Protein chains: 2
Amino acid sequence: MGEKVKICEVGPRDGLQMAASIMPTAVKIEWIASLVEAGIHEIEVGSFVPPKLIPQMADTAEVVRASRAMHGLTVAALVPNLKGAQRAHESGADVIIVPVSVSEGHSRANTNKGSLDQVAELRGIVDWVRAQERPMKVDAGCATAFGCSIEGHVPQERVVMVAAALAEAGVDNVVLADTVGYGNPMQVRATVRAVRQEIGPVLDRLHLHDTMGLGLANALAGLEEGIRCFDSALAGLGGCPFAPGASGNIVTEDLVFMLESMGFATGVDLDGLIRAREVLQRGLPGAALLGNVTKAGIPRTYRRAA
Amino acid sequence: MGEKVKICEVGPRDGLQMAASIMPTAVKIEWIASLVEAGIHEIEVGSFVPPKLIPQMADTAEVVRASRAMHGLTVAALVPNLKGAQRAHESGADVIIVPVSVSEGHSRANTNKGSLDQVAELRGIVDWVRAQERPMKVDAGCATAFGCSIEGHVPQERVVMVAAALAEAGVDNVVLADTVGYGNPMQVRATVRAVRQEIGPVLDRLHLHDTMGLGLANALAGLEEGIRCFDSALAGLGGCPFAPGASGNIVTEDLVFMLESMGFATGVDLDGLIRAREVLQRGLPGAALLGNVTKAGIPRTYRRAA
């Protein structure tokens with residue numbers, strides 16, 4: 001029995017929000033169910049953002065409610081502010097992820113606020129959530145932790161500073177996100193180490209993009225630094241708003257293949273993921289589905305770790 | 001100034017031998033020259049195999065002769081047997097690479113001989129080369145070192161045994177090749193370590209394929225074990241004969257991006273590689289060129305190590 005690694009599927013949120021068309025709610029729910037069937041136990045099913053900004057996410061409350069009924073699933077949703085957190089709580093989400101941009105330029109461009117103002121807002125969210133009767137986990141994402149399309153290089157000390165402020169604000173966990181996919185394995189290793197030195201295991205997850213093709217190498221670097229939870233998207237759905245045509249999140253199928261081949265137990269079944277791709281393709285007929293495992297086929301040497 | 005890592009471009013051999021069409025000799029030479037211009041200092045320019053078997057390689061002698069004139073280039077060619085080695089020597093190659101399949105089944109399927117018979121043949125090649133007045137380096141490739149499409153799993157002890165026999169036969173260097181791309185980072189790490197324990201720095205290079213998407217993660221594992229030389233192909237040219245449509249060699253552009261971003265000095269210029277892709281595309285108009293760096297564009301954070 002291999003050591004466990006958790007996969008958090010973010011395709012229904014990070015993938016669909018970039019999609020050219022809108023997936024019908026019924027197919028979204030069927031897709032999420034097929035992912036659960038494949039052994040995924042945490043899914044970011046949508047985001048509570050204004051539908052005018054991201055119409056692909058307008059049905060998130062309905063999707064959260066349907067997902068709650070799925071056995072063994074931790075239902076996560078992204079929220080940008082207190083109002084989103086309240087809607088997520090009302091719908092019954094188990095976890096909210098609140099993004100805070102480490103890059104000041106990215107933060108101001110997206111929210112009209114600086115990083116530390118965002119942290120202050122997050123503190124309000126944490127306080128509100130903790131005051132509710134029904135518990136809900138609050139995770140914070142350090143967006144642009146490995147580079148920024150606006151500011152370019154993001155200093156590691158700044159990542160540590162923002163991560164420490166988030167931990168201090170009382171979030172349950174911190175995620176380091178390579179939002180634009182500029183990170184490299186040495187940087188991932190050094191940053192994880194530096195942030196863990198400051199906040200310990202509160203940093204428990206990496207959110208990596210494959211923009212430059214280094215996604216799995218970056219995951220390996222994180223894994224070697226002790227990270228045991230990764231975000232990924234089925235078929236690498238999504239993309240990079242700053243690089244049209246570029247790859248999106250790391251591919252769930254390929255990540256599972258790598259981890260299981262190395263002896264880690266993800267609990268995820270590759271054939272199940274391939275079936276989930278069929279649902280995804282039906283819901284987004286025009287979308288390009290990425291992934292080497294599907295392209296090449298599962299090799300005969302493949303054995304699941306558990 | 002970062003630590004040096006050598007890139008050996010294998011596209012003109014491993015890439016073109018899988019191509020559906022034949023690149024004209026003049027364009028091959030122009031392509032090789034454009035790679036040298038980009039800072040690549042070792043190129044596997046072709047293979048001395050019977051033209052009836054691989055017509056794409058029929059002009060290898062001419063390509064070797066033209067490549068010799070290129071300043072600062074180490075001209076390598078693949079040879080399957082003594083006759084090929086003699087032709088390579090006659091054409092003026094600096095290095096020959098002789099593949100030996102670690103998998104007995106793969107060896108018999110490809111050469112009608114077992115692995116150790118192939119090693120015996122290689123010993124004859126080494127003896128012949130050492131008797132010539134003009135020196136020529138002899139490298140041996142351990143093919144299917146990380147898995148085999150015929151035999152499946154390839155035991156690590158067998159890789160060590162074959163590598164040791166090759167070193168004992170007197171080759172200059174041994175390359176471990178993930179011919180079908182089934183390897184994973186843990187396996188690469190363990191195998192490099194075990195082989196190095198047996199033959200030390202005679203093992204100096206990895207030849208990795210990206211079939212399952214793990215190519216750069218596997219390169220990272222090798223790098224962390226001290227390997228400082230990697231084969232790769234521009235635009236990931238090539239493929240896997242056992243998985244139609246699958247990715248081929250690791251992509252030179254993405255590998256250079258990863259290494260330089262990590263602070264290693266490859267001496268290779270990404271813009272130069274992008275220009276070399278144009279020559280490649282002209283010589284193989286129908287071919288699908290892979291590579292994330294080209295798809296996404298070089299990010300503003302990119303700085304060459306040296």
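Two residues are taken to be in contact if their C-beta atoms, placed from the backbone, lie within 7 Å. The structure is a predicted model, in which local features need pLDDT of at least 70 and side-chain atom pairs count only at pLDDT 80 or more, whereas totals for chains, interfaces and linings use all residues. Residues are numbered from 1 along each chain as its sequence is written, with chains lettered from A and ligands numbered from 1 in the order in which they are written.

Helices (H or I, at least four residues) and strands (E, at least two) are DSSP runs numbered from the N terminus. In chain B, Pro185(B), Val188(B), Arg189(B) and Val192(B) of H8(B) meet Ala217(B), Asn218(B), Leu220(B), Ala221(B), Gly222(B) and Glu224(B) of H9(B). The axes of H8(B) and H9(B) lie 8 Å apart at an angle of about 30 degrees; axes are lines fitted to C-alpha atoms, for helices over the stretch in contact, and angles run from 0 to 180 degrees between N-to-C directions. H8(B) and H9(B) are therefore roughly parallel to each other (angles under 35 degrees).

Chain B also contains a closed barrel of 8 strands, ordered S1-S2-S3-S4-S5-S6-S7-S8, with parallel pairing; strands pair if DSSP finds at least two bridges between them. Neighbouring strands of this sheet are turned by 25 degrees against each other on average, direction ignored. S1 (residues 6-9) and S2 (residues 42-47) of chain B pair over 2 bridges, and Glu42(B) in S2(B) is the bridge partner of Cys8(B).

At the interface, 36 residues of chain B are in contact with 36 residues of chain A. Helices H8 (185-199), H9 (215-224), H10 (252-261) and H12 (292-296) of chain B each give two or more residues to this side of chain B.

Technical notes:
Parallel < 35°, antiparallel > 145°, perpendicular 65-115°, else oblique.
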